[in-house]
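Biologist: I would like to learn how to read a pocket in a protein model. Please show me the structure, and then we can go through it.

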Amino acid sequence: MIFSLSWPVRVLAAAMLPLCLLALLPSAAAAHDAAHDAAHDSAQDPVTLIASAQHAIEAANAAWLPAMERGDADAVAAAYAADGVLITSKGTAVAGRSAIAALYRTELSQIGRVISGGLTQEGVTVSGGLIYEWGRGWLVFRLQDGKRKQSSGPYLTVWRRNPDGGWLIIRNLVL
């Protein structure tokens with residue numbers, strides 16, 4: 001979920017960024033499980049690897065806003081791997097697709113209704129068989145008191161190929 005931050009919180013977030021980036025590293029178990037796939041993927045040229053993930057990334061990004069507007073936390077979390085980690089704008093790390101869905105379910109019920117928003121992808125690169133995507137996202141909410149609120153900020157998402165060839169989010173950092 002993307003929240004607009006005041007400047008003191010942004011300073012704190014910037015100070016926490018190195019710790020959050022450490023959380024982007026795959027866990028030892030995930031790294032071990034993905035070692036074979038990563039070796040194969042890192043042998044591919046970056047253009048081919050990005051092309052193999054392009055449909056999955058575009059589909060997940062296109063499905064995000066409609067799922068948010070419906071308040072469908074399970075659909076929002078569907079793009080995450082079972083061992084995926086979401087790092088919120090507050091610096092909280094939430095591990096696992098079901099825990100991420102629970103977080104979205106709670107936040108969407110408390111904040112109000114999402115009425116619009118979007119994602120602007122600013123770049124994609126490859127390293128070690130993983131795809132790193134970054135950009136900016138924003139949401140407009142209709143609060144429970146009827147007022148509108150907009151939140152926005154940058155994101156960094158790490159995608160990993162599954163054994164079935166599909167791509168899912170293993171780390172998502174929202175600032």
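Biologist: Which helices and strands each supply at least two residues of the lining of the largest pocket?

Modeller: Helices (H or I, at least four residues) and strands (E, at least two) are DSSP runs, numbered from the N terminus. A pocket, on a 1 Å grid over the protein atoms alone, is an open set of points where a 1.4 Å probe fits, with protein on both sides within 12 Å along at least five of seven lines; lining residues have an atom within 4 Å of a point. Here, helix 4 (46-70), helix 5 (73-77), strand 5 (148-161) and strand 6 (167-174) each give at least two lining residues. Helix 4 has the largest share, with 5 residues.

Biologist: What should I know about the model itself?

Modeller: It is a predicted model, where local features need pLDDT of at least 70 and side-chain atom pairs count only at pLDDT 80 or more, while totals for chains, interfaces and linings use all residues. Residues are numbered from 1 along each chain as its sequence is written, and side-chain values use heavy atoms, leaving out hydrogens and water.

Biologist: How many residues line the largest pocket, and which lie nearest its centre?

Modeller: The lining has 21 residues, and Asn-61, Trp-64, Leu-119, Ile-169 and Asn-172 lie nearest the centre.

Biologist: How do the lining residues divide into nonpolar, polar and charged?

Modeller: Ala, Val, Leu, Ile, Met, Phe, Trp, Tyr, Cys and Pro count as nonpolar, Asp, Glu, Lys and Arg as charged, and the others, Gly among them, as polar. In this lining, 17 are nonpolar, 3 polar and 1 charged.

Biologist: How many helices and strands does the protein chain have?

Modeller: The chain has 6 helices and 6 strands, in the order α-α-α-α-α-β-β-α-β-β-β-β along the sequence.
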